[in-house]
Amino acid sequence: VAADPATAVFRINLADALTADGRAAEAQPLFEEAYRLQPDLAEAQRGLGEVALRNGDREGAARWFEKSTTGPAPSARGANYLGYLRSQEGDRQGAIRAYEQALELDPGLDDVDRSLGILYAQEPADRARAVRHLEQSLTLAPDQPGARQLRRLLERLRGKGRNRPGSGS
């Protein structure tokens, strides 16, 4: 950032690193400046969505995340956050659409596969999709938080768990 202060993506990268380090308050002005420098940059919009979400402005966050997913180079992370918000609002189909977009943009997002697997597991007709997404999530991140619970859910979905019809439990 010091070497090239006019490059918005450097500010976004630094802001993301600060956020990952638990220093989100320091990241906010970097996201804001990145947006000022390049307002059509999806990752700057996504960053402002994260800022809004951290500040408790869910509606503002949703607007920023939506904006970050509609331009010529949409943000997979913005779509992931939008899926999270839609899921929290009880909008299952909206969450699925956003998560599917995130995966289309970046198939390596293990938390998106986990979220889709959990959403699909809620409907018996979507069992195969749930299994596929949960397996992919665990392949990408076998030691992720909650991995043991995901493996148990997978067993139940495959018919190997205690809740299987005719299993006596």
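Is Tyr35 buried, partly exposed or exposed? Tyr35 is partly exposed, because its relative accessible area is 21%. Buried would need a value under 20%. Keep in mind that this is a predicted model. The points below start with the aromatic rings.

1. **Aromatic pairs.** How many aromatic pairs does a search of the whole structure find? There are two. A pair of aromatic rings is described by the distance of the centres and the angle of the planes. Both numbers are given for each pair below.

2. **Tyr35 and Trp64.** Tyr35 belongs to helix H2 (residues 24-37), and Trp64 to helix H4 (residues 58-68). The partners are 29 residues apart, so the pair links distant parts of the chain. Trp64 is partly exposed, because its relative accessibility is 24%. Tyr35, at 21%, is partly exposed too.

3. **Phe65 and Tyr81.** This pair is stacked. The centres lie 4.9 Å apart, with 10 degrees between the planes. An angle under 30 degrees counts as stacked. Phe65 sits in helix H4, while Tyr81 sits in helix H5 (residues 76-88).

4. Which class does Phe65 fall in, buried or exposed? Phe65 is buried, because its relative accessibility is 0%. Tyr81 has a relative accessible area of 26%, so Tyr81 is partly exposed.

5. **A nonpolar patch.** Which residues make the nonpolar surface patch of about 290 Å²? They are Val1, Val9, Phe10 and Leu14. Phe10 is placed in helix H1 (residues 8-20). With a relative accessibility of 37%, Phe10 counts as partly exposed. Patch residues need over 30% relative accessible area, so a partly exposed residue can take part.

6. **Ile118.** Look next at helix H7 (residues 110-121), where Ile118 lies. Ile118 is partly exposed, because its relative accessible area is 38%. What does Ile118 touch, leaving aside residues up to four places away in sequence? The contacts are Leu134, Leu150 and Leu153.

7. **Ile118 and Gly146.** In sequence, Ile118 and Gly146 are 28 residues apart. In space, the two are 12 Å apart, C-alpha to C-alpha.

Note on methods:
Residues numbered from 1 in each chain as written. Predicted model: local features only at pLDDT ≥ 70, side-chain atom pairs only at ≥ 80, totals over all residues. Heavy atoms only, no water. Patch = residues over 30% accessible without salt bridge, like charges linked within 9 Å, V, L, I, M, F, W, Y side chains within 5 Å. Areas by Shrake-Rupley, 256 points an atom, 1.4 Å probe, with all protein chains shown as cover. Salt bridge = Lys/Arg side-chain N within 4 Å of Asp/Glu carboxyl O. Helix = DSSP H or I, 4+ residues; strand = E, 2+ residues; numbered from the N terminus. Buried < 20%, exposed > 50% of the residue type's maximum accessible area, 1.4 Å probe, protein only. Phe/Tyr/Trp six-rings, centres within 6.5 Å; stacked < 30°, edge-to-face > 60°. Contact = heavy atoms within 4.5 Å.
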